[in-house]
Amino acid sequence: MRVLGVDPGLTRCGFGVVETARGRKVTLVAVGVERSDASQPLDQRLLAIDGAISAWLDLHQPDAVAVERVFARRDLGTATATAQVAGLAIVQAARRGIEVGLHTPTEIKASVTGSGRAGKAQVEHMVARLLGVEEVPGPPDAADALALAICHAWRPVALSTTPDAQTSAQKAWIEAERAARRHPRVPGR
């Protein structure tokens, strides 16, 4: 399975493509960051990112697209711009009939590290380790996109429905997902 992870951002949008095989082996296919010029009007910035998403989809032909689920932050402007870019990725994938998965930061961390509370450095280290690369793919938006792709490829439904056959990381991922559903974040808190 080939998965394109999209870490949505208006100034920097991270992209990471991984391929999975039996035994949960993941291989790095491509990674990068596309930028939009902050001095441009919003419509032109979104158009630039939309074109980049389209180009990544056309070039890498993923079976699935994983997008980070946007939470309202204290900085509503940042959350709004991030949500707009996430929407572009979702629509681009839908137009092509590609499966789309939305994952929370907690789910992503739990999937890659086994802990939904892992720090950014730990996630980056595990991404590099899982992909068998010596250096963490950068910038951080790129590593986050790869973590998203790995999370989607390793989601418990895709791997196993039998709890006994799940790894500790899968079990942590499932628990993080359940916790997110039980205690949804409230904007402004």
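This is a predicted model: local features need pLDDT of at least 70, side-chain atom pairs count only at pLDDT 80 or more; totals for chains, interfaces and linings use all residues.

The largest nonpolar core has 22 residues, and Leu4, Val6, Phe15, Ile53 and Val65 are those with the most contacts inside it. By such a core I mean a set of buried Ala, Val, Leu, Ile, Met, Phe, Trp, Tyr and Cys residues joined through side-chain atoms within 4.5 Å. Buried means under 20% relative accessible area, exposed over 50%, and partly exposed in between, with a 1.4 Å probe and protein chains only.

Two or more residues each come from strand 1 (2-7), strand 2 (12-20), helix 1 (42-60), strand 4 (64-68) and helix 2 (76-95). Helices (H or I, at least four residues) and strands (E, at least two) are DSSP runs, numbered from the N terminus. Apart from this core lies another, of 20 residues, including Val3, Val26, Ala149 and Trp154.

Residues are numbered from 1 along each chain as its sequence is written, and side-chain values use heavy atoms, with hydrogens and water left out.

Let us turn to strand 1. Of its 6 residues, 5 are buried, so strand 1 is largely enclosed by the rest of the structure. Strand 1 pairs with strand 2 in the antiparallel sense over 6 bridges; pairing requires that DSSP finds at least two bridges between two strands. These two strands form a hairpin with 4 residues between them, and valine 6 has phenylalanine 15 as its bridge partner in strand 2. With strand 4, strand 1 pairs in the parallel sense over 4 bridges, where leucine 4 stands opposite valine 65.
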